[in-house]
Amino acid sequence: MGKITIDRGLARRQIPQLNEASVPGRRGWKLDGASADRAALQNAAAADRSLFADTAPALPELSELDVVRHFTQLSGLNHSVDNGFYPLGSCTMKFNPRINESVAALDEFTGLHPLTEAENCQGILALLHELEEKLCLLLGYSRFSLQPAAGAQGEYVGLIVIRAWHEDRGDHERREILIPDSAHGTNPASAAAAGFDVVVLPSDEDGCLRAETVRKAAGPRTAGLMLTNPNTLGLFEHEVQEIAAAVHEAGGLVYYDGANANAIIGRVRPGDMGFDVCHLNLHKTFSTPHGGGGPGAGPVGVRAGLEDFLPGPFVTRREDGSYAWEEPAKSAGPVHAWYGNSLVLLKALAYIRMLGGAGCREASGMAVLNANYVAHELAAYWQLAKPGPVMHEAVFSGKKLRDRTGLLTLDVAKRLIDYGIHPPTVYFPLIVPEALMVEPTETESLETLDHFIAVMRQIHDEMEENPDLLREAPQHAAISRPDETQAARRPVLTWLQQERGDS
Amino acid sequence: MSGYIPHTDDDVRVMLERLGLADVADLFAAIPSELEIGEETLEAVGRGSDEIQLLKHFRAAGARNRTAAEAASFLGAGCYDHHVPAAVDQLAGRSEFLTSYTPYQAEVSQGTLQAIFEFQSQIALITGMEIANASLYDGASALAEAMLLAAAETRRQTIAVSDNLHPRYRAVLGTYARVRGLRLCTLKSDPATRQLGASALTQLTADERRDLALVILQSPNFSGVVENGIRELAAACHEGRSLLAVSWDPVASGLYRLPGDEGADIVTGEGQGIGTRPSFGGPGLGFMAARQKLLRRLPGRIVGATTDRDGRRAYVLTIQAREQHIRREKATSNICTNQALIALRSTIHLALLGPEGLGEVAGRCYHLAHLAHERLIASGAFTAENQGPFFKEFRLRAHVDTAELNRRLLAAGIQGGLRLGRLLPESPDDYLVAVTERRTPDEIDRFARIAAELAGEEGA
Amino acid sequence: MSQRWYTREHEWVDVDGEDAVMGITDYAQQQLGEIVYVDLPEADDSFAAGEAVAALESVKTAADVYAPFDLTVTEVNTELLDAPELVNQDAEGAWLLKARITDPDSVAGLLTLEEYNALLAAAES
């Protein structure tokens with residue numbers, strides 16, 4: 001096979017900041033007839049005038065073309081799913097279908113005020129109800145709250161629901177949440193935010209949690225256990241039913257972190273595995289765009305008996321076929337001013353409707369096939385964290401390569417940038433040294449995977465033959481490696497701090 | 001294959017052969033067979049669709065909504081029908097922003113990182129604060145994060161909240177406070193002006209003041225009134241080593257003195273009004289700005305400027321040691337992603353408006369709101385509920401059946417104000433009217449005429 | 001005359017009667033990498049043995065510093081707030097805080113330099 005040439009990376013490039021491009025007096029947008037407003041302000045009552053500012057905030061002054069060029073040029077400094085492979089493990093960077101964007105952008109949804117009387121927004125209420133029904137079917141739950149605005153907020157909600165359930169039963173001693181050591185950092189952070197103490201459980205040699213470990217740790221102080229399945233090593237927790245039973249026996253509830261649900265959707269349901277509460281990341285599993293870090297959506301599902309503790313309101317269907325808001329009786333409380341990220345919810349519904357149940361099943365099948373293919377083809381070059389088949393992502397360890405070449409997984413990640421590929425997740429999970437976590441997703445073709453595999457093998461060669469290529473990577477990016485120490489020691493967070501030369 | 005899967009049958013065969021497997025199902029051997037999902041469940045989810053059917057389904061649903069797109073909206077209460085410049089949609093819709101993720105890899109994310117840095121800069125400017133984070137979920141949860149921040153900073157448990165805070169915000173504070181064992185107490189405003197005033201802390205007991213972590217007020221508040229005396233209130237808070245947080249409408253920054261300049265320690269708010277349509281309440285945009293000394297306690301992502309190896313300017317996610325992926329259970333907050341794309345919308349929006357544009361929007365809102373206030377009172381259907389100075393929204397006492405009024409308005413292409421009893425059951429006769437720069441004197445006249453007609457019929 | 005002791009949590013502590021001075025060891029400094037921020041308590045704050053009294057942050061990680069015994073903080077090294085790199089440059093010299101030992105009975109399990117070095121050697125092997 002021929003050598004892969006670098007032709008997709010970016011050139012070094014800097015774009016002046018808005019404040020640097022500002023010219024006093026320049027306008028990018030105006031309102032016709034502003035003089036009448038000024039007259040009204042001059043005639044304002046004294047009580048009003050005493051509150052007015054003397055000058056407007058010193059925002060930059062730019063023409064519309066300045067602004068359009070600025071942001072168009074900035075966009076060119078980003079890698080995105082739409083311009084290249086993005087195998088960022090644990091983030092499920094699948095293709096974001098454009099029809100989803102089209103339907104969510106309809107004026108009838110974007111123009112809709114959240115306090116519109118229910119009789120005047122039956123359309124969106126019906127769609128939200130439909131999404132909830134489909135999520136209940138796919139995940140095996142009785143109800144979903146669509147309110148949480150992100151996965152982390154979903155975790156928080158799931159945990160305060162667990163807390164409220166225990167307290168409703170008069171059980172106030174359950175202060176502990178069990179979490180395996182392979183978990184996402186968000187799990188313990190959410191548990192702490194929800195007022196729980198975190199008990200970390202060790203995974204076994206094979207990377208999975210043992211029911212025996214759970215049985216020993218669970219007791220009268222156990223409020224619940226958080227688990228993602230497949231776990232962050234990409235392995236199916238095969239003792240999941242026994243684990244759930246052990247927690248239930250001790251009086252606790254079991255929480256499903258849906259971060260990795262893309263591996264199992266349409267195949268097995270967390271509700272059937274014994275999980276009482278679950279959150280999903282619609283921006284992962286159900287293809288809503290990540291937007292450079294949000295908005296996402298993190299709906300929370302619960303089994304029968306826990307519905308009353310969810311945040312309200314949610315949409316109910318009345319006997320006459322109309323839809324209405326309903327407040328749950330014993331709600332743990334709302335976490336959002338309105339109903340969550342409604343437009344994101346519509347995009348997820350569009351995706352599920354497009355695929356249907358069988359399509360969801362095919363999607364998880366191809367996601368897992370893709371991950372296994374990459375794992376298989378790279379296993380001779382990078383050590384798999386755990387041998388054997390994986391689910392939707394493959395975790396490799398760069399430890400042996402580091403020990404031999406002195407090059408870090410970080411160097412490999414940065415070198416991938418030169419080839420126009422977004423680096424996989426690195427240094428996570430924490431229990432794998434020099435971890436490299438690849439999640440191709442089902443929307444990537446065999447040709448893309450083969451290209452990635454060839455690039456990785458070529459980088460493997462470069463580690464031996466020309467290590468400086470890795471140490472100096474990326475060469476083909478807007479910047480070379482940034483000085484993160486300086487950024488954290490002497491934080492410069494705004495234009496003003498920059499101009500003042502804060503240090 | 002259906003959906004968005006590129007695999008041909010040949011591809012699947014080739015890949016399975018490489019893996020030494022016969023069937024895709026073999027990849028799922030670890031799943032106990034009794035757990036496998038039933039076919040009838042998958043069928044119940046639906047059988048798949050195409051773009052034509054999908055559009056029809058959503059269009060049909062959309063047709064059953066009555067929106068500001070077709071009716072002139074006077075509905076506000078924290079979500080406003082402000083104009084969004086055309087360039088915002090088109091620029092924020094670019095693939096490179098839409099389909100990237102949290103900028104962990106700075107070298108391939110400078111676009112998002114620089115935009116967030118500019119967002120932080122703008123938010124600091126329009127709140128009068130020193131620093132800002134990269135955004136939070138919405139105005140309500142941003143305020144809840146401010147509460148948690150203050151409790152951690154002061155190591156105190158009491159939070160005093162203005163009675164004119166948005167009731168849904170108050171409910172969200174209640175959720176987070178209950179979980180953390182914080183004590184919420186209420187500060188009463190002057191019923192005549194609906195302002196909290198400079199001496200509000202005298203309402204607290206000595207015990208409450210000793211344990212006071214934070215005072216929270218909203219401005220303009222839920223009654224639409226702009227708070228005064230913030231400077232004195234901030235000084236009183238600081239004297240007792242407590243903090244002051246203001247939940248602020250960023251559009252008001254075009255006209256009013258900024259809460260940061262008045263001495264607030266934390267300014268949060270909902271950024272929907274600067275760049276995003278009502279969207280049935282979400283996605284919106286929570287923002288948080290603060291004093292420099294609170295930097296290490298800020299929740300969520302923060303972007304900083306630094307240099308790369310060659311000394312060129314570069315932007316990175318910074319001060320990450322506070323965050324969940326490093327600190328796990330000791331993190332300042334569990335927030336990971338936030339509302340980056342909505343923050344980008346606001347960045348573009350404010351870049352287009354500039355100081356003049358923001359001032360014009362605020363001036364038009366003020367002008368039209370005062371015109372509407374005058375006309376609606378003159379209609380005979382309403383009296384003023386308070387005498388406080390308001391910005392773009394005001395609270396009236398209704399003397400007509402407002403349910404009937406709103407029905408008639410909608411029939412005439414106007415979405416009426418909020419019947420406050422829906423959110424404040426103790427105020428069934430109060431009516432909240434919001435007026436943005438998108439409204440016209442003509443729409444206001446029609447609104448007032450219909451109100452006058454009803455008042456005449458009901459003999460109000 | 002004070003004597004320098006070490007802890008299993010990789011802190012050093014100079015004890016002189018009921019007065020103590022604390023910092024982190026060179027080994028701890030190396031493990032953390034470039035320190036970007038030092039979170040210090042305030043004078044008069046009291047801590048029980050085992051509680052976190054301070055935290056050090058590097059770019060990629062953070063670590064708590066634990067009270068080796070019951071103590072009340074008397075002074076903190078504010079120089080570190082602006083120059084956290086001093087801990088990297090001279091860990092055994094860059095003190096974090098001075099304290100008064102509030103319960104002499106809580107002083108237990110401190111290591112001598114030899115014992116601490118043996119601990120490190122065991123961890124490395």
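**Strands and chain contacts in a predicted model**

Trainee: Over how many bridges do strand S6 and S7(C) pair?
Mentor: This is a predicted model. Strand S6 of chain C covers residues 52-58. Strand S6 and S7(C) run in the antiparallel sense, and the pairing spans five bridges.

Trainee: Which residue in S7(C) stands opposite C:Ala55?
Mentor: Look across from C:Ala55 to S7(C). The residue standing there is C:Asp64.

Trainee: In what order do the three strands of the open sheet in chain C lie?
Mentor: The sheet is open, and its pairing is antiparallel. From one strand to the next, the twist averages 20°. The order is S4-S6-S7.

Trainee: Why is one side of strand S4 and of strand S7 left without a neighbour in the sheet?
Mentor: Strand S4 is 35-39 and strand S7 is 62-66, both in chain C.

Trainee: Which helix gives the most to the side of chain A that touches chain B?
Mentor: Start with the contact: 170 residues of chain A meet 167 residues of chain B. One helix of chain A, residues 342-378, gives 23 residues to that side. By class, the side has 95 nonpolar, 52 polar and 23 charged residues. The helix that gives the most is H14.

Trainee: How many residues on the side of chain C that touches chain A are nonpolar?
Mentor: Five residues of chain C are in contact with four residues of chain A. On the chain C side, one residue is charged and none is polar. The nonpolar residues number four.

Conventions. Residues numbered from 1 in each chain as written. Chains lettered and ligands numbered in written order. Predicted model: local features only at pLDDT ≥ 70, side-chain atom pairs only at ≥ 80, totals over all residues. Contact = placed C-beta atoms within 7 Å. Helix = DSSP H or I, 4+ residues; strand = E, 2+ residues; numbered from the N terminus. Nonpolar A, V, L, I, M, F, W, Y, C, P; charged D, E, K, R; others polar. Pairing = 2+ DSSP bridges. Axes fitted to C-alpha atoms, helices over the stretch in contact; angles between N-to-C directions.
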